[in-house]
Amino acid sequence: MSKIFVYAEVVEEGIAEPSLELIGRARELADKHGFSVSAMLVGFGVRKLADELIYRGASEVHVVDNEVLSKYNLLFYTRAIVEVVENEKPDIFLFPATTTGRELAPRVAARLGTGITADCTAIEIGDYVDPITGKKYEKLLYQIRPTFGGTIMAAIVTPNHRPQMATVRPGVYSVPPRDTSRSGRIKEWTIDFSEEDVGCLEVLEVKRERRKVDLRSAKIIVSGGRGARPEGFKLIRELAELLGGEVGASRAAVDAGWISYDHQVGLTGQTVKPDIYIAVGISGAIQHVVGMKDSKIIIAINKDPEAPIFRIADYGLVGDLFVIIPKLIERLKVAKS
Amino acid sequence: MVTVNSKQNPSSERLNIVVLVKPVPDPKEPPKFKPDGTLDRLSMKLVMNPYDKYAVEAALQLREALGGIVIGVSMAPPHAIDALREALAMGVDEFILLSDPRLAGSDTLATSYALSMVVKKLWSKLGKVDLVLCGVESSDSNTAHIGPEVAEWLGLPSVSYVDKILEVSGGYVKVKKLIEGGYMVIRVKMPAVLTIAGTSYTPRIPTLRDVITARRKQITTLNADDVSIDTSKVGLLGSPTRVIKMWAAEIKRRGKIFTDTDIDRLIDNFLAELRKDGVKLK
Ligand SMILES: Cc1cc2nc3c(=O)[nH]c(=O)nc-3n(C[C@H](O)[C@H](O)[C@H](O)COP(=O)(O)OP(=O)(O)OC[C@H]3O[C@@H](n4cnc5c(N)ncnc54)[C@H](O)[C@@H]3O)c2cc1C
Ligand SMILES: Nc1ncnc2c1ncn2[C@@H]1O[C@H](COP(=O)(O)O)[C@@H](O)[C@H]1O
């Protein structure tokens, strides 16, 4: 049976959620089109996480557990994955489009000499007829993604090279339920890393904040960016409270230390889909937009009429947030009483 | 092809830096399509990929601190020259434009192979290349693949999403890399490939004088044969991936923009519109 491989990224808490989402999606596609689902687990002391992958939908887990993998090392990880792939010959290999997936997957793809599509927002299985040769291919991976800064969608296939590879955007598929009655096969690999250049790439320090606030269930989110500054966040909090919503932020605001990472929306933060998303002093960089563009209604407040955020807004208020928000709060309070 | 500036300090840390710069259709203009639905790249004005300005800035700061040379490399159609002038005006020493109709339709694997062959050529000319810097991603393809893939073709270590280059010493480069919820500090042996995420670099804005000086700087155009590219590995047929369909993304946004210098009226109009559309803020 043709195999779908999914890269199981490990973070402090265990298997990273975007990888579980992919296991779930792979399971759906596999059941419908007759594939099997295997997870690829790499790290040190990670063997114990294999069951979790099975409970979520994998029927097989390939484990490379080695002390040299205790810290994420792009070169060692690439080596481990490529060796398993060369032996197991999966048909499809999916990675989460996290910062790790998006650097690891293209290295693996290039070493294997195969194609890869970045940051897919949908993956499907379908047929393809090559317009040049007339050759028909069955059950290829349709790699569907936005391009051109989100204005164009493209469907991409990899007809002649294996595995067909893609990174898939976190949050587009949901985490599958945990079914502890599921069973599967765990295969452990021993890989010789002695040929690798040991001092070549070394992680000296990792600082990763764990997320304590879950913005995904919020109905209203008021988010602040670099334009808000610390004073603006006071207003943003007040507005959020008045509306019964949560506070979000751009990475620029988080990096500036005005608010904790828990609140960050975007590529390296959370993907949110509230009924109403109010972006305040946020320019609308693609890395922010991917995390909030599926909100039902987007309201933007920005003093720059050219800010890209206005291109995806339902309602845009052009002006100084320090003038607009206090007024808005005042009006909403009046309406309330 | 390569000029060496004698004013620079002769220390061993002098760096030969290659910056990969992608000429892209101006992101501020709407994309144009051919009748068959594919992008009409040739009719779109090309500018320097905005993200690559951070990589150029990082390269220039390293050159200023340690001495050395910064060479830009692009793979693009011939009308990309104007976009390259932007990078030269910022301070890049010279440019190589790899341009060949046989490269058209290359996907990321094929593009990274072609670019790696240019880097190899430079390597043998210069005796060494210490760093290859890329932008974090291109504004037209947004894949972020080219950096790690070029590194793979060259057999070099790479770090993607570099926020800042912290230190260069003893043949190693120490970088801060962005990750979910924070950062990593990574030490990498040079030569290495880094993709620059940008948040810590503010790209310099060229003066008129820089723009004029840039006109005299050298742009060398090379074709696939000049850098020994195996043409079976590039172009549409050399690319593992195929685009089977493209369509305009559905943006179902209302796009109601309120601009009014009278703040009360601005808020009034906005709230009235919300009521009209049946949107409740609470
Ligand atoms: C690998 C990587 C991952 C990233 N991940 C994320 C992520 O998860 N989330 C994220 O958000 N970003 C992320 N980024 C960063 C992203 O590229 C942008 O730098 C960031 O989103 C910009 O934040 P901002 O819009 O708040 O700031 P800016 O782009 O500086 O915009 C500030 C805006 O505020 C407006 N403004 C200023 N003053 C006022 C005022 N008084 N009133 C009204 N408007 C005002 C300005 O007009 C401007 O549009 C990532 C980048 C990289 C490279
Ligand atoms: N055709 C190209 N010529 C030169 N550099 C490129 C080219 N394509 C991509 N790059 C580099 O690779 C980075 C990532 O691009 P991409 O993989 O297309 O998102 C860009 O920011 C550039 O630094």
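Please keep in mind that the model is predicted. Residues of both chains take part in lining the second largest cavity.

**Domains**

**The largest cavity**

- The volume of the largest cavity is about 130 Å³.
- There are 14 residues in its lining, and the closest to the centre of the cavity are Asp119(A), Arg169(A), Ile286(A), Val290(A) and Glu137(B).
- Two elements of chain A, strand E9 (136-147) and helix H7 (286-289), each give at least two residues to the lining of the largest cavity.
- Strand E9(A) makes the largest contribution to this lining, with three residues.
- Both domains of chain A take part, since at least three residues of the lining of the largest cavity come from each of domain 1 (3-200) and domain 2 (215-336).
- Sorted by class, the lining of the largest cavity holds four nonpolar, five polar and five charged residues.

**The second largest cavity**

- The second largest cavity has a volume of about 30 Å³.
- From chain A, its lining includes Tyr72(A), Leu74(A), Glu103(A), Leu201(A) and Val203(A).
- From chain B, the lining of the second largest cavity includes Ser158(B), Val159(B) and Ile186(B).
- Strand E13 (201-208) of chain A and strand E7 (158-169) of chain B are the elements that supply two or more residues to the lining of the second largest cavity.
- By class, the lining of the second largest cavity is made up of six nonpolar residues, one polar and one charged.

**A helix pair in chain B**

- Two packed helices are described by the angle between their axes and the distance between the axes.
- Helix H2 (residues 81-90) of chain B packs against helix H5 (residues 208-216) of chain B at an angle of about 115°, and the axes are 8 Å apart.
- H2(B) and H5(B) cross in a right-handed way.
- On the side of H2(B), the contact is made by Arg85(B), Leu88(B) and Ala89(B), while H5(B) brings Asp210(B), Val211(B), Ala214(B) and Arg215(B).
- Taken by class, this contact of H2(B) with H5(B) has four nonpolar and three charged residues, with no polar ones.

**Backbone details worth a look**

- Most residues other than glycine have a negative phi, and most peptide bonds are trans.
- In chain A, the peptide bond from Arg162(A) to Pro163(A) is cis, with omega near -5°.
- You will find Pro163(A) in the loop between strand E10 (152-157) and strand E11 (164-168) of chain A.
- In chain B, Met190(B) and Pro191(B) are joined by a cis peptide bond, with omega of about -5°.
- Pro191(B) sits in the loop between strand E9 (182-189) and strand E10 (192-196) of chain B.
- Lys89(A) is not a glycine, yet its phi is positive, about 50°.
- To find Lys89(A), look in the loop between helix H3 (74-88) and strand E6 (92-96) of chain A.

Notes
Residues numbered from 1 in each chain as written. Chains lettered and ligands numbered in written order. Predicted model: local features only at pLDDT ≥ 70, side-chain atom pairs only at ≥ 80, totals over all residues. Heavy atoms only, no water. Axes fitted to C-alpha atoms, helices over the stretch in contact; angles between N-to-C directions. Helix = DSSP H or I, 4+ residues; strand = E, 2+ residues; numbered from the N terminus. Left-handed = near helix turned anticlockwise from the far one by under 90°. Contact = heavy atoms within 4.5 Å. Nonpolar A, V, L, I, M, F, W, Y, C, P; charged D, E, K, R; others polar. 1 Å grid on protein atoms, 1.4 Å probe; cavity = no way out; pocket = protein on both sides within 12 Å on 5 of 7 lines; lining within 4 Å. Points joined across faces, edges and corners; volume = space filled by probe spheres on them. Domains from an automatic or database assignment.
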